[in-house]
Amino acid sequence: QVQLLESGGGLVQAGGSLKLSCTASVRPFSCYSMGWFRQAPGKEREFVAAISWTGANAYDGDSVKGRFTISRDNAKNTVYLQMNRLKPEDTAVYYCAALLGAHPGSTPGQYTYWGQGTQVTVSS
């Protein structure tokens, strides 16, 4: 069974930083593009960032450009989301997702596997 497990969420003050991790059981991990999405209460799931299967190319959603950085370590089967200068509007459950292929997408339907999510709450 494929499993994606997120960690690193929590409560942080506006302007602070958090680093999320997602460890995946998909094999081979390097054959999957990886993405981060988030979903706030009453909102649709929103694209945050994605990274190609080699890690050479990464993409950020408009709402997080310049603040969040996605990276991956294929040797550790792990993808990361470094979140800096957090804003209250970043509050959401953050989900890790895997897509089989070299090129990541920006819509949830393109992803095959999903983690259970980790809560990020940013206070004013």
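Trainee: Which residue's side chain does a polar contact of 3.1 Å join to that of Arg 38?

Mentor: Keep in mind that this is a predicted model. Arg 38 sits in strand β4, residues 32-39. The polar contact runs between side chains and spans 3.1 Å. The partner of Arg 38 is Ser 63.

Trainee: Does Arg 38 count as buried or exposed?

Mentor: Buried means under 20% relative accessible area. The relative accessibility of Arg 38 is 5%, so the residue counts as buried.

Trainee: Leaving aside neighbours within four places in sequence, which residues is Arg 38 in contact with?

Mentor: Begin with Glu 44, Arg 45, Glu 46 and Val 48, which are among them. Ser 63, Val 64 and Phe 68 are in contact with Arg 38 too. The list also includes Glu 89, Asp 90, Ala 92, Val 93 and Tyr 94.

Trainee: How many disulfides does a search of the whole structure find, and which residues form a disulfide?

Mentor: The search finds 1 disulfide.

Trainee: How many residues apart are Cys 22 and Cys 96?

Mentor: The pair links distant parts of the chain. Cys 22 lies in strand β3, residues 18-24, and Cys 96 in strand β9, residues 92-100. They are 74 residues apart.

Trainee: Is the disulfide of Cys 22 and Cys 96 left-handed or right-handed?

Mentor: Look at the torsion about the S-S bond. For Cys 22 and Cys 96 the torsion is about -80 degrees, so the disulfide is left-handed.

Trainee: Are Cys 22 and Cys 96 buried or exposed?

Mentor: Cys 22 has 0% relative accessibility. Cys 96 has 0% as well. Both count as buried.

Trainee: How far from Cys 31 is the nearest cysteine sulfur?

Mentor: Cys 31 is in no disulfide. At 26% relative accessibility, Cys 31 counts as partly exposed. The nearest cysteine sulfur is that of Cys 96, and the distance is 16 Å.

Trainee: Which residues touch the most other members of the largest nonpolar core?

Mentor: That core has 27 residues. The elements that give two or more residues to this core are β3, β4, β5, β7, β8, β9 and β11. The residues touching the most other members are Met 34, Trp 36, Leu 81, Met 83 and Tyr 94.

Trainee: How many residues are in the second core?

Mentor: This core is separate. Phe 47, Ala 50, Ala 97 and Leu 99 are among its members. The number of residues is 6.

Trainee: In what order do the 4 strands of the open sheet stand?

Mentor: The pairing is antiparallel. β1 and β7 each have a single partner strand, so one side of each lacks a neighbour in the sheet. The twist averages 15 degrees from one strand to the next. The order is β1-β3-β8-β7.

Trainee: Which residue in β8 stands opposite Cys 22?

Mentor: β3 and β8 run antiparallel, joined by 6 bridges. Opposite Cys 22 stands Val 79.

Trainee: Which residues of strand β1 lie on its covered face?

Mentor: 4 bridges join β1 to β3. Leu 4 stands opposite Ala 24 in β3. Leu 5 and Ser 7 make up the uncovered face of β1. The covered face holds Leu 4 and Glu 6.

Trainee: How far apart in space are Ala 75 and Ser 106, C-alpha to C-alpha?

Mentor: Ala 75 is in the loop between β7 and β8. Its relative accessible area is 77%, so Ala 75 is exposed. In sequence, Ala 75 and Ser 106 are 31 residues apart. In space, the distance is 25 Å.

Terms used. Residues numbered from 1 in each chain as written. Predicted model: local features only at pLDDT ≥ 70, side-chain atom pairs only at ≥ 80, totals over all residues. Heavy atoms only, no water. Buried < 20%, exposed > 50% of the residue type's maximum accessible area, 1.4 Å probe, protein only. Polar contact = N/O pair within 3.5 Å; in protein donor to acceptor, adjacent residues only side chain to side chain. Contact = heavy atoms within 4.5 Å. Disulfide = S-S within 2.5 Å. Core = buried A, V, L, I, M, F, W, Y, C linked by side-chain atoms within 4.5 Å. Pairing = 2+ DSSP bridges. Axes fitted to C-alpha atoms, helices over the stretch in contact; angles between N-to-C directions.
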